[in-house]
Amino acid sequence: MLDPQTVEIAAALARHAEQGRDLRAAVVAWFFVAGHQVAPDQPAVPEPPVETLAGALAWAVWTDPGYRMLRRGRAVVT
């Protein structure tokens, strides 16, 4: 038997993962629905592990096109 939280984590990742999508993007999407119920008769979606979430959020900021433009602008000014 698997721990029910393990099953919920696997289900949350499966809902947000798509073929070819970076797993870190799936973790960020999972974070935004954590604490909410998928259906009225199901438990709330658990939160992703802190270490995994921190890495995924850092990746999301670093790869954001707006952040790239900001870095380029700073490089031109300096």
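Helix H1 crosses helix H2 in a right-handed sense, in what is a predicted model. H1 covers residues 4–16 and H2 covers residues 23–33; their axes lie 8 Å apart and meet at an angle of about 115°. H1 is therefore roughly perpendicular to H2, since that class takes in angles from 65 to 115 degrees.

Let's look at who does the touching. From H1 come Ile-9, Ala-12, Leu-13 and His-16, while H2 supplies Leu-23, Ala-26, Val-27, Ala-29, Trp-30 and Val-33. Sorted by class, this contact between H1 and H2 holds 9 nonpolar residues, 1 polar residue and no charged ones.

Ala-12 sits in helix H1, and with a relative accessible area of 0% it counts as buried, because buried means under 20%. Setting aside neighbours within four places in sequence, Ala-12 has Trp-30 and Val-45 in contact with it. For another distance to check in your viewer, take Ala-12 and Val-50: they are 38 residues apart along the chain, and 15 Å separates their C-alpha atoms.

Now over to the charged side chains. The count of salt bridges comes to 1. Arg-24 and Asp-22 form a salt bridge through their side chains, with 2.7 Å from N to O. How exposed are these partners? Arg-24 has a relative accessibility of 37%, so it counts as partly exposed. Asp-22, at 27% relative accessibility, is likewise classed as partly exposed.

Conventions: Residues numbered from 1 in each chain as written. Predicted model: local features only at pLDDT ≥ 70, side-chain atom pairs only at ≥ 80, totals over all residues. Heavy atoms only, no water. Axes fitted to C-alpha atoms, helices over the stretch in contact; angles between N-to-C directions. Helix = DSSP H or I, 4+ residues; strand = E, 2+ residues; numbered from the N terminus. Parallel < 35°, antiparallel > 145°, perpendicular 65-115°, else oblique. Left-handed = near helix turned anticlockwise from the far one by under 90°. Contact = heavy atoms within 4.5 Å. Nonpolar A, V, L, I, M, F, W, Y, C, P; charged D, E, K, R; others polar. Salt bridge = Lys/Arg side-chain N within 4 Å of Asp/Glu carboxyl O. Buried < 20%, exposed > 50% of the residue type's maximum accessible area, 1.4 Å probe, protein only.
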